[in-house]
Amino acid sequence: MDSTERRTIGPFKLLSLLLTYPTQEICRSVDRFRELAHAVDRRRTREGLLTFLQWLDVTPPNDVGQHYVHVFDLERRRTLYLTYYRYGDTRKRGMAIITFKETYRRAGFIPREEELPDYLPMVLEFADLSPKGVSLLKAHRVELELLHDSLRAIDTPYAALLDATCGLLPELSRPERLQARRLRDAGPPIEEVGLEPFAPPEYLVSPSDAPRIPLGSKP
Amino acid sequence: MATDPQGSRHDLLAPLLPHGEPIEKLLRSAQFLLPGTPTPDYRELHRRDTRAAERFYRDRWHHDKVVRSTHGVNCTGSCSWKVYVKDGIITWETQQTDYPSTGPDLPDYEPRGCPRGASFSWYTYSPSRVRYPYVRGPLLELWRSARAEHADPVAAWQSIVEDEEKSARYKKVRGRGGFVRAPWDEVLELVAAAHVYTAKKYGPDRIVGFSPIPAMSQVSYAAGTRFLSLIGGTILSFYDWYADMPIASPQVFGDQTDVPESGDWWNASYLVIWGTNLPITRTPDAHFMTEARYRGQKVVVVSPDYSDHTKFADDWLPAAPGTDGALAMAMGHVILTEFYRDRTVPYFDSYVKTYTDLPFLVTLRQHGDAYVPDKFLTAADIGDESEGSRHKTVLLTRDGALHVPNGSLGFRFSESGKGRWNLELGDVEPALTVLGLHDRAVALDLPRFDVGPSEGGSVIRRGVPVRELADGRLVTTVFDLVMAQYGVRREGLPGEWPDDFDDPSPYTPAWQEAITGVPAAAAIRVAREFARNAELSRGRSMICMGAGTNHWYHSDQIYRTFLSLIMLCGCQGVNGGGWAHYVGQEKVRPLTGWSTIAFALDWNRPPRQMAGTSFFYLNTDQWRYERFRADELASPLGNGLHRGKAFVDCLAQAARLGWTPSFPTFDRNSLELADAADAAGMSVPEYVARELREGRLHFACEDPDDPRNFPRVLTVWRANLLGSSGKGMEYFMRHLLGVEDAARAEETPAELRPSDVRWRDPAPRGKLDLLTAIDFRMTSTCTYADVVLPAATWYEKHDISTTDMHPFVHSFNPAIPPPWETKTDFEIFQRLADAFSRLAREHLGVRRDVVAAPLAHDTPDELACPNGRQTDWRSGEHEPIPGITMPKIMVVERDYAATSEKMRALGPLVESLGTGAKGISWIPRQAIDYLGRANGLVRGGAGEGRPSLARDVHVAEAILALSGTTNGHVAVQGWEKLEERTGVRLRDLAAERAEEQISFADIQVQPRAVITSPEWSGAETGGRRYSPFVVNVERKKPWHTLTGRMQFFLDHDWIHEYGESLPTFRPPLDYPRHFGDQRLAPDQGEITVRYLTPHSKWSIHSEYQDNLHMLRLFRGGPVIWMSPADAARIGVSDNDWIEAHNRNGVVVCRAVVTHRMPEGTVFMYHAKDRHLMTPRSEISGWHGGSDNSLTRIIIKPTHLIGGYAQLSYAFNYYGPTGNQRDEIVVLRRRSQEVVYR
């Protein structure tokens, strides 16, 4: 048996699959997912999964696909690529992505090249396979919270999946809560390399007055 | 010495450990022994690294590889970059610093690269990147159910588009999201089925492709156009559509655009920057401009605003927008007065006699009680019946004899002209003026446009000295006409003349002051300095010009006034002098190879190349919203050729005369015409001509709203048509796409409607059946497309880039393979061709396609209309004769099932017909042989035994090998061909590099400087900087014009009709008069202002306006710049939300209030995508539009002329411009609460 093949199918695996693009197989297998979801111990996670599966069950697959593209494919503030929330478009992001890759390797897994290593379904699958994956998720608790908030803000059934995910992780600590609020208010950090002040400070606006671009095109 | 009483107790002891690490660490770790296992020979020590994670961080500056690439973004910088890859992830990019040197006495090109380039790698992993193929949900649903019903995909597509209800279902939701991912194979089958169905039902010319600026990524461009050319699709031009095409260049030089590289600015000693913002739009090159100042160069800037280049100016002339022509006319007046009339400058005198048409004779025509200029006197006019005589122009020698010099068009294509197409005058000394040799002087009426009741202006009377020919006709020289035009008084000539520079009549410095606002003294000063510098330096005065002066309706006239200064001062064809027109990345240096591959000239000719502006004007129905006609612009001295004609009538006429291209062409399927001709027992050209004459066959452009004539399938790649270049955006929305729009213009009233073009009511909406966008960004074009295909970025493919700004050829190379489901443009079109070929086998097979090609520039077609006379077969004046009085009718056999095989192989026509550029052709045997060995030969199929083009690098290799600029063998071949025609020595220009061939591998190693080639007019020989027309001047090789010289004078009927035979000032179109007061609430704080859309500091052309790095450098969303005075009038403060509107649409944005702007003019830097912070409008209730929401194009009929010398059609060479600067808008402050949904 390959080490990536599992006897039991845990909640992380379910979440990983359900957060990928809804293929026909996924849409057709709601019953099987339900059965597995019922077996999940943690109540918050179980209910989150079932809520989502209920929507998946009654929604035409075409609409599910359109909805998924709307929710995840083209919006920065709802991206499934975790490093984006903390590093935005700065040059630190490339290194942050590589850190994920390195973590997988050290745990004995080779990430496939088709996806970026910080893709949430990949991290969830990792959590299903290795306790290090759960640590990785815990380390990105803030990012998950931001994604969760953005999904709730547009009232999408996918918010239930993030709720289910967060249910498997500890609550946010106070510093994490502060960091989440800061990132939510200000958006991802902006690149500052090469943008040093070029005038005496009294001519420059203070950072708090500087125009900010909120995440996404809408304020 | 101060001592710390606490610390001093232990002074004598060293700290236990650096930084005072705790004793605990010392106790727990070995101090003297290192862990590890030695090998038996003790040469190596093996240790288990317990700190792997730390090493990982220490290695962060180590990269697995550094890949050379560049940015294919219509950025003229075309800079080479290093892309850093670590563990398969792009982490970094920095400037490449290995450019070949420019030599010891010139600054080098490095460093190149600007913040826009540095921020590119963001796109690769951006959350908003297009990663998968998308189809809009309703269309995919329809498609899947149609496919379930029909095994045949073509039948499935037919079942959707022929059902009105079904097609409305997916068309009306364009732009409203709802995309779903779909597998590549399924999407390509859908797109291919649409292509096959359209070709079969309506004809292949209803399949259209739009992709601009090949130079920025030549393989990617060629991939799509090669596919379209093989199937007979229509390829739209972009240079004229972008209004970047300087129409004056074909008119004056007979060349599209040929300009100096930026390094040549260093050679200029006087630089006027007139309409191009060098530090902003030529960032990596601007250093040459600042460096040259240390060498003593003077910089003069003409710009209405205090722009980023104005601060470099020694002298700033803030001419009012659109009045540049007036300033240049006044400068010309000064130069002609002081450097031609008052004294003779030997350098200028001999220059204009050799290289310009000034000494050529022009006949005069009686008009009322005076004369007007008519036509160039030709050899045929003076009794020469020999070959080519109707295109041989005549000059007057100093001793009063008529002389037919070498070099005019009559020598270019004739057998007897061989070896005589050159500018050698021998012992002949031409007379510049008739004065002194004249029989008498006559009154001459000339048009003026600064005053008058209509756009056509009025008339001013001057006089010229004339000679009377044997038949009684009067002639004078172009120089005498120019002196009359510029109002330079000479004794003994009748007419009204200004007394001096202070006399405010045309075209004195005092006259221009009232129009431009530039003090007369400043205009005189700059004119004198410009000319005096040229006199002393032998032509090293340069004018950099660009969109600021080139995007106007009458830009051709503005530019002609500039070029006149250049020509009068002997600056053109001189290093450090001449015109320097900078707009897009227009120069495809490896021209021959690129055009051969891109238009599949190796398999079939001709391709269907269509003028972009004509296409969009017709098919977005912008012609239905005109408020005045073509005759509004006609001079009172014209012949009334356009009386009662709408602009679209002129277009239809030019199309049927073969002057300008017209695709889709006929109201019948072009695949059926050849069979119909056979059935009628006639040759195809005869048949088509007969059917046209007898009214059974019609041009599609005469009834563009007939569903049979719609363009049906449009593919846009490497472009953001709807978000950036779509002038008249709201009309695109309404008619082409069939979605909501914000246009409120009323249709043309019945009395002004076209007469030759059919008007249908109601106007159609949603003409397109399928819009496909190929991109890596979700641009406005993608959001309105039916199908979006994910493209590879510039760090994920092989390609080639060149620019006019530097002489180097760059490679693109993949740093990583295309991620997710993205593919290179090359692969996408190859796979589309595969899918198409499979379906075509059954539905199309082998067909004969009838192509109606326009009379082409640089071919003998230029001889079709001698003297530039308009005659129309429609009026029964003569027969429609294909290739003479109507388009050429050519039959192309297309084996549709073999399309994909032909895509992948270099076809046989390169050997049988050869390749070539600009009127010369050759058989590139060495290159073909090389390609067979380098790329390998194809086995089996249509391309059996031919050099392979199966991979992107093969195509790149073919482009390089077949071009003279990158293959010395080819360059020498081309020069030898040209030697035969000209009889002058040219081969040596490339001889020093005759054996050199630049391969793709070479440019992967380092940017390589190009070889001097007849594809262009300048020379890099001996390492000199490229300056255009150096070969013409130094080797006496003619320009590609009627006279073979640079032309001040144009004599085509339509040019006369518009009063533009000589350089003149035409003000911006009077939109307030034509369109009335467009304010909606005049008493509630609205102002009307001029609306300009220059190039942005934070983006170049269409790309980057969604790049967050760049957006963060300014205010993020769309803005309009305005002056404090204008802002105060409507109560606007900086950063307030405003709305700008006119009959065409609405823009909602923030205001930038700045003293840099002149009063009465606003800027909206283009082009911001519509999905970036674009709120709902209070006026339309719909989303605000992009900068092009406020524009609508009006075509200029003189741009449609064809079949006559340099005024003949070639792709991106001649054709109406999509100009937009004459527009006005109404501004108002709006509620500061904005909503986006």
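Predicted model: local features only at pLDDT ≥ 70, side-chain atom pairs only at ≥ 80, totals over all residues.
1. A salt bridge here is a side-chain nitrogen of Lys or Arg within 4 Å of a carboxyl oxygen of Asp or Glu.

2. Residues are numbered from 1 along each chain as its sequence is written, chains are lettered from A and ligands numbered from 1 in the order in which they are written, and side-chain values use heavy atoms, with hydrogens and water left out.

3. Back to Glu586(B): you will find this residue in the loop between β21 (578-582) and α20 (591-598) of chain B. Helices (H or I, at least four residues) and strands (E, at least two) are DSSP runs, numbered from the N terminus. Leaving aside residues up to four places away in sequence, Glu586(B) touches Ala215(B), Tyr239(B), Gln256(B), Thr257(B) and Asp804(B); contact means heavy atoms within 4.5 Å.

4. Another buried side chain to look at is His71(B), with a relative accessible area of 6%. His71(B) sits in the loop between β3 (65-69) and β4 (81-86) of chain B. Its side chain makes a polar contact with that of Tyr795(B) at 2.6 Å. A polar contact is a pair of N or O atoms within 3.5 Å; within protein, one must be able to donate a hydrogen and the other to accept it, and residues adjacent in sequence count only if both atoms are side-chain atoms.

5. Next comes helix α12 (residues 286-294) of chain B, where Ala286(B), His287(B), Phe288(B), Met289(B) and Ala292(B) are buried. These buried residues pack against β10 (270-274) and α11 (278-281) of chain B. Just after α12(B), Gly296(B) takes a positive phi of about 100 degrees.

6. Finally, the interface: 40 residues of chain B are in contact with 39 residues of chain A. Between the two chains there are 4 salt bridges; one of the salt bridges joins the side chains of Asp87(B) and Lys101(A) (3.8 Å, N to O).

Definitions and conventions. Buried < 20%, exposed > 50% of the residue type's maximum accessible area, 1.4 Å probe, protein only.
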